[in-house]
Amino acid sequence: MENTPSIATLHHLLDFDASKFTNAEIRLKTSLGEWLMKADSVKLKMVLQKYLDFVDQHVKKMEKFFEDEQMSSLSLNNPVMQALIEDADEKLSYCTDAEVKDACILAFIQVINHYKISLYGTATAYANMLDMERAAVVFHEAEINEKQIDDRLSQLAEYEINRKAKAPIKIDQV
């Protein structure tokens, strides 16, 4: 962390956190594309595609945030997102049934989603405290997007995905 500036103010903390979750969004974008291809449910694929679109928007808006801040986006690794993605990939590697795999994908997307709701909510609070109205709007919109995806995933889990995973159809190979 040689080039990482010290965190001496709330504004510095906001910039530092924004750099970390920008890296997280970029990393998630790649994994979401892979998970989308592994999903079986058409409805789940649709929600994941919508989420991928949101993540792409978040990255672009974060780039604008850094431009407005007149700073280059620090390339700070986000170890929490890295660990969540690695855990998801490991769990997914053990899923052998399509319906169970969909339940697995949905569940770990929600874990990631909840983490990001917290990140964007905190960034919104910091930006509001610092009277950074445009940044607060960017962070709040991202938080709302995350909550929309969370709601869609919760409904999909309750009314379709988890029901199918509860008793997946097994075809015995002879």
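This is a predicted model: local features need pLDDT of at least 70, side-chain atom pairs count only at pLDDT 80 or more; totals for chains, interfaces and linings use all residues.
Along its principal axes, the C-alpha trace spans about 65 × 30 × 20 Å. Of the 174 residues in the chain, 41% are buried.

Now the packing of two of these helices. Helix α1 covers residues 10-38, and α4 covers 98-129. Their axes come within 10 Å and cross at roughly 160°. The cut-off for roughly antiparallel is over 145 degrees, so α1 counts as roughly antiparallel to α4. As for handedness, α1 passes α4 in a left-handed crossing.

Staying with α1, look at what follows it. D40 sits in the loop between α1 and α2. D40 is partly exposed, with a relative accessible area of 48%; exposed would need over 50%. For a sense of distance, take D40 and L10: they are 30 residues apart in sequence, and their C-alpha atoms are 44 Å apart in space.

D131 has a positive phi of about 55°, although it is not a glycine. As background, most residues other than glycine have a negative phi. Is D131 buried or exposed? D131 is exposed, with a relative accessible area of 67%.

Next, the pocket. The general idea is that rolling a probe the size of a water molecule over the atoms shows where empty space is left. The largest pocket in this model has a volume of about 170 Å³. Which helices each supply at least two residues of its lining? They are α2, residues 42-68, and α5, residues 133-166.

By residue, the lining consists of K61, K64, F65, D68 and E69, together with M132, E133, R134, A135 and V138. That brings me back to the opening question. The lining divides into four nonpolar residues, no polar ones and six charged ones. Among the lining residues, F65, M132, A135 and V138 are of the kinds that count as nonpolar, while K61, K64, D68, E69, E133 and R134 are of the kinds that count as charged.

How values were computed:
Residues are numbered from 1 along each chain as its sequence is written. Side-chain values use heavy atoms; hydrogens and water are left out. On a 1 Å grid over the protein atoms alone, a cavity is a set of points where a 1.4 Å probe fits but cannot get out, and a pocket is an open set with protein on both sides within 12 Å along at least five of seven lines; lining residues have an atom within 4 Å of a point. Grid points are joined across faces, edges and corners, and a volume is the space filled by probe spheres set on the points. Helices (H or I, at least four residues) and strands (E, at least two) are DSSP runs, numbered from the N terminus. Buried means under 20% relative accessible area, exposed over 50%, partly exposed in between (1.4 Å probe, protein chains only). Axes are lines fitted to C-alpha atoms, for helices over the stretch in contact, and angles run from 0 to 180 degrees between N-to-C directions. Angles under 35 degrees count as roughly parallel, over 145 as roughly antiparallel, 65 to 115 as roughly perpendicular and the rest as oblique. A crossing is left-handed if the near helix is turned anticlockwise from the far one by less than a right angle, and right-handed if clockwise.
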